[in-house]
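Here are a few notes to read with the model open.

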Amino acid sequence: MDAKPKRRTVTENGDAGEDLVLATLIGNGEDLGPVVRHAFEIGRPEVLLHQLKTVVKKKEVEIEELCKTHYEEFILAVDELRGVLVDAEELKGELSSDNFKLQEVGSALLIKLEELLEYYAIKKNVTEAIKMSQICVQVLDLCVKCNNHISEGQFYPALKTIDLIEKNYLRTIPVKALRMVIEKRVPVIKLHIEKKVCSQFNEWLVHIRSSAKNIGQTAIGHAASVRQRDEEMLERQRKAEEEGVFGLGDFAYMLDIEEVDEDSVLRFDLTPLYRAYHIHTCLGIQEQFREYYYKNRVLQLSSDLQISSTQPFVESFQTFLAQIAGYFIVEDRVLRTAGGLLLADQVEEMWEIAMTKMTSVLEEQFSHMDSATHLLLVKDYVTLLGSTLRQYGYEVRPLLQVLDRSRDKYHELLLEECRQQIVNNFANDTYEQMVMKKDSDYENNILSFNLQTTDLMPGFPYIAPCSSVVPESCRIVRSFIKGSVDYLSHGVHSNFYEVVKEYLDKLLIDVLNEAILNTISSGTIGVSQAMQIAANISVLERACDFFLRHAAQLCGIPVRSVERPQASLTAKLVLKTSRDEAYLSLLNLVNTKLDEFMTLTESINWTSEEIMPNGNENMSEVVIYLGTILSTAQQILPPDAVYKIGSGALDHISKSIVAAFLSDSVKRFNANAVMAINNDLKTLESFADERFHSTILSEQDKEGSFRGCLIEARQLINLLLSSQPETFMNPVIREKNYNALDYKKVACICEKFKDSPDGIFGSLSSRNTKQSARKKSMDMLKKRLKDFN
């Protein structure tokens with residue numbers, strides 16, 4: 001019984017606490033949602049409802065208490081509210097009246113307002129329509145503009161217009177049909193532009209290929225002009241240096257101010273290429289265009305590298321090389337100005353293809369050429385091509401190496417041409433001294449090759465020491481030097497003087513000297529021709545110094561560097577040897593002629609009973625002949641040669657006299673024959689002394705003289721005419737008086753020496769006594785010689 005009230009109290013206290021919390025929440029105007037949700041979640045919504053009712057009851061109680069507390073005030077408020085209600089009724093009537101009036105007035109305005117709103121809607125629609133129309137008009141204007149650009153061929157503005165439409169208008173075009181049409185036409189227009197541009201580019205490809213030859217020829221022509229100008233400047237500089245004038249600064253200045261930019265000389269239009277590349281870039285297919293350009297240019301290069309099969313290479317090589325030069329000049333310009341259209345590696349690859357083909361073609365064509373002139377023409381043009389393309393950064397050394405490898409072939413052809421000319425000159429030469437009647441002839445034939453022996457101008461007519469073959473040969477050699485320098489210049493080697501010198505030696509030794517030796521050994525020349533040949537060789541020896549200086553000048557090296565003795569030509573020594581051969585041949589011819597005059601074994605009476613006071617008649621002819629030979633030799637040959645000829649001829653005469661005594665046809669001889677030969681020998685000795693001293697030979701400090709060449713014959717005659725010939729066996733006397741005689745020859749000759757039988761008055765003659773004494777002495781000599789042998 002007691003426990004129940006206690007549990008109720010606890011429950012009531014708990015409910016009172018919850019009611020207080022709930023009342024506080026409601027009083028504060030807070031949201032009861034969480035409380036209600038919580039009640040349902042825990043499954044006690046009835047409790048919450050009971051609490052809410054409890055709160056309501058408490059509030060009602062509070063209201064009742066509040067009303068009881070303020071009852072009087074509430075009554076007064078109700079009375080006031082009734083007064084207000086009367087006023088409100090009056091106000092309501094007034095408002096109703098005013099509302100009626102307002103309705104009457106506002107209905108018209110409402111109609112106007114509705115019309116105004118309608119007009120506002122129409123205006124809005126019209127404004128939007130106008131905007132849409134303006135957009136469409138702008139788009140259509142751009143389309144028209146694009147079409148006009150395309151019709152005028154202005155593809156870049158057309159693409160820019162299409163790009164503007166796509167970026168700024170295409171998505172905002174309000175008319176769907178128009179938008180769809182434009183969307184469909186844009187790719188078509190771009191494709192059309194691409195085809196048009198490609199067509200124009202293809203036309204440009206054809207045009208630039210046809211123009212490449214002219215471009216190359218113009219560039220090579222400009223390089224040729226520059227080369228010629230430089231060579232002229234160097235020639236003026238060389239002459240100024242030779243004359244002691246130092247004008248190098250002026251020449252260098254003149255060369256500098258005449259330099260011309262290559263790009264200003266070569267004008268060709270790359271606009272279609274730039275346009276095509278730019279259009280393809282705008283279309284976003286620039287890589288495709290790069291490949292297309294490179295592929296087509298490589299195909300054109302392959303076609304350009306094919307040489308003509310219907311035309312000789314000598315006639316077509318300029319066109320062939322100019323086409324290639326023009327091609328790579330264009331490619332260089334494209335590489336530098338086309339903004340990445342062409343890569344340096346691609347240009348290098350094309351150049352390698354061209355270089356391989358050109359070197360192959362040149363080597364093959366050079367191997368078939370049989371003319372030095374043709375080979376030089378090709379070489380000159382190839383070096384000009386190299387000079388031209390080197391300025392654009394191309395490596396041309398392989399081309400120059402081909403030329404260097406062909407230099408032997410060129411010089412072989414040049415040597416053969418010179419050989420034919422020289423052989424013809426020698427065949428047509430009269431071997432007579434040139435007669436020059438005026439100074440121009442002297443300058444052209446003598447001074448031009450430094451063949452003069454004095455700086456003084458001679459009187460005219462002037463008789464040169466050489467025949468016409470010498471200046472003609474000098475002209476051929478000079479042209480050979482020029483041809484050799486022309487081929488070797490502008491090649492791989494900058495200093496090619498030694499190479500020119502080597503080929504010059506080859507010409508002088510293998511061609512000129514060989515022609516001289518062939519003429520000498522031909523057996524068809526006489527004494528005068530042999531003498532003239534010897535004189536010609538002497539002049540040609542002097543010309544070697546001119547050839548060397550001329551080669552140095554053309555090679556651009558100081559002349560003083562070739563004036564040293566060790567720098568001379570080998571050919572000079574070879575010509576000197578050939579000159580000795582000519583002297584020997586001349587001497588042999590002279591000796592042969594002398595043998596014709598000196599038929600001693602036939603013309604002398606070896607056992608004559610009488611003494612011939614005037615000697616043999618043939619000896620006079622020998623003296624006259626020798627005089628003529630030496631006089632002529634003195635005019636055209638150097639003193640050494642004159643001495644060789646004179647001494648050789650006299651030595652031959654001396655040997656001929658000794659040989660006559662040794663001849664098998666002479667069985668015996670007597671003193672009269674010896675005295676006759678002694679008279680002849682005296683005549684020869686007088687001639688030898690007179691010739692030796694009347695010429696400049698005595699001034700040359702020559703050892704001995706012409707007389708000394710007759711020493712063997714003189715000693716033999718002296719021995720045979722000696723009163724004591726047995727003194728020959730005395731070594732001291734023999735060394736002093738008979739050192740030129742040979743034991744065996746003396747023994748043989750003495751065996752033939754027999755005195756004449758006594759005449760009618762022989763026993764009474766003192767001469768007979770002398771002869772008897774000499775006979776005894778001779779017999780003694782013979783015996784001693786036999787014992788010696």
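1. A disulfide here is a pair of cysteine sulfur atoms within 2.5 Å. This is a predicted model, where local features need pLDDT of at least 70 and side-chain atom pairs count only at pLDDT 80 or more, while totals for chains, interfaces and linings use all residues. Residues are numbered from 1 along each chain as its sequence is written, and side-chain values use heavy atoms, with hydrogens and water left out.

2. How many disulfides does the structure hold? It has 0. The sulfur of C474 lies 7.9 Å from the closest cysteine sulfur, that of C466, so the gap is too far for a bond.

3. On to the core, meaning buried Ala, Val, Leu, Ile, Met, Phe, Trp, Tyr and Cys residues joined through side-chain atoms within 4.5 Å. The largest one has 203 residues, and those with the most contacts inside it include F328, L637 and F669. Helix α19 (residues 527-555) gives the most to it, 17 residues; helices are DSSP runs of H or I, at least four residues, numbered from the N terminus.

4. Take F669: leaving aside residues up to four places away in sequence, its contacts (heavy atoms within 4.5 Å) include W606, F661, L720 and F753.

5. Last, helix α18 (residues 497-520) bends by about 30° at E514, the angle between axes fitted to the seven residues ending there and the seven starting there.

Technical notes
Buried < 20%, exposed > 50% of the residue type's maximum accessible area, 1.4 Å probe, protein only. Helix = DSSP H or I, 4+ residues; strand = E, 2+ residues; numbered from the N terminus.
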